[in-house]
Amino acid sequence: MNKLLTLAIDKLGRDWANLNWEFRDFELNGAKDKMSQWQGDPTEDIMVVVFKGKHIEEPFHRQDFFFIDYAYQMDYNALSAKFDNLITVREGDCYIGQPFSGYALRGDSETEDIIMIGVHIKKDTFFREYLPVLSMDVNMFRFFLDPRTDKFSDEFIHLSFEKVSPVRSLLEIMVLEYADKKEDTQKILKPMVLSLFLYIARQYRLQQFIPTGEALEDRIVQYINSHPESVTLRDIAEHFSYHPNYISSLLSKRIGKKFSKIVLEKRMDRAAILIKGTDLSVEEISSMVGYSNTSNFYKAFREYYGVTPTAVYSF
């Protein structure tokens, strides 16, 4: 670790104790709980925090922001409410959490300090600036949106990275920038967070097991589900090395639906989740699911669901 980075980590490590650790009481499904508020400057959309020490035992709490925690040095534990157990976050691992997910850091070390680097992202910033990009990956998309519509959804993602990785390098640069903030620090951090999420999305895909015997038609539907806003028969034909006519015939025969209907279903499913789960405008959502003309999106949505996008909360 170079000297500047060591100084930056030390500074943010000292700042940890001065963060806003006040927890407000609230009820979740009738049970009393604790909620952590945004801990930094209210004008900031991105925070970089560092815990450095040999012992940590946070009170169990929830938070109103997205976060990425990275085990920079030594291992520590993360207590998850839903699964009611301790997840060991080993050096080089990331733990990604959503707003309202239950969480607490736990750790003890008798030798070196535990160093955890955290990136906090405001909800509105995440939905407007990062979700549109992450929506191209169906698994990441559902992870970040499902908690808004499904209380049984997963609460966290736990990923392992090599100890020397682009994720580690990005976080080091972010620590250096945030420890010595300038007027344009937020502008510099935002694209770094996007890059961080893209690396996380790639690793998340790599760690998803896909059975080697999965039928071609199922793999094609999975591909459509990952690219509903832009996929074409030609894209699929090139990706799977088959003629477009064969792909079209296979889907009709094995799935019982035409290619265009499958694409429409995936687009409408994604649009409904975005409308119900975010504060994005209908115009923004129509573009995200592949419609360049909002009027066409309104028409397709109304024909599919029987209601307009603005009335989606009624069903």
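1. The largest nonpolar core holds 78 residues, and within this set Phe 126 and Phe 144 touch the most other members. Helix 5, spanning residues 185-206, is the greatest contributor to this core, with eight residues. The structure is a predicted model.

2. Beyond its close neighbours in sequence (up to four places away), Phe 144 touches Phe 66, Ile 96, Gln 98, Phe 126, Phe 127, Leu 131, Leu 134 and Phe 197. A second, separate core has 14 residues, including Ile 224, Phe 240, Ile 247 and Ile 262.

3. Arg 168 belongs to helix 4, residues 166-179. This arginine counts as buried because its relative accessible area is 16%, the limit being under 20%. With residues up to four places away in sequence left aside, Arg 168 touches Tyr 70, Tyr 72 and Lys 163.

4. Two cavities of 30 Å³ or more are found in a search of the whole structure. The largest cavity has a volume of about 140 Å³. Its lining comprises 15 residues, with Gln 39, Glu 58, His 61, Tyr 103 and His 120 lying nearest the centre.

5. Strand 6 (65-73), strand 10 (103-108) and strand 11 (114-122) are the elements that each give two or more residues to the lining of the largest cavity. Strand 6 gives the most, with three residues. By class, the lining of the largest cavity consists of eight nonpolar, five polar and two charged residues.

Definitions and conventions: Residues numbered from 1 in each chain as written. Predicted model: local features only at pLDDT ≥ 70, side-chain atom pairs only at ≥ 80, totals over all residues. Heavy atoms only, no water. Helix = DSSP H or I, 4+ residues; strand = E, 2+ residues; numbered from the N terminus. Buried < 20%, exposed > 50% of the residue type's maximum accessible area, 1.4 Å probe, protein only. Contact = heavy atoms within 4.5 Å. Core = buried A, V, L, I, M, F, W, Y, C linked by side-chain atoms within 4.5 Å. 1 Å grid on protein atoms, 1.4 Å probe; cavity = no way out; pocket = protein on both sides within 12 Å on 5 of 7 lines; lining within 4 Å. Points joined across faces, edges and corners; volume = space filled by probe spheres on them. Nonpolar A, V, L, I, M, F, W, Y, C, P; charged D, E, K, R; others polar.
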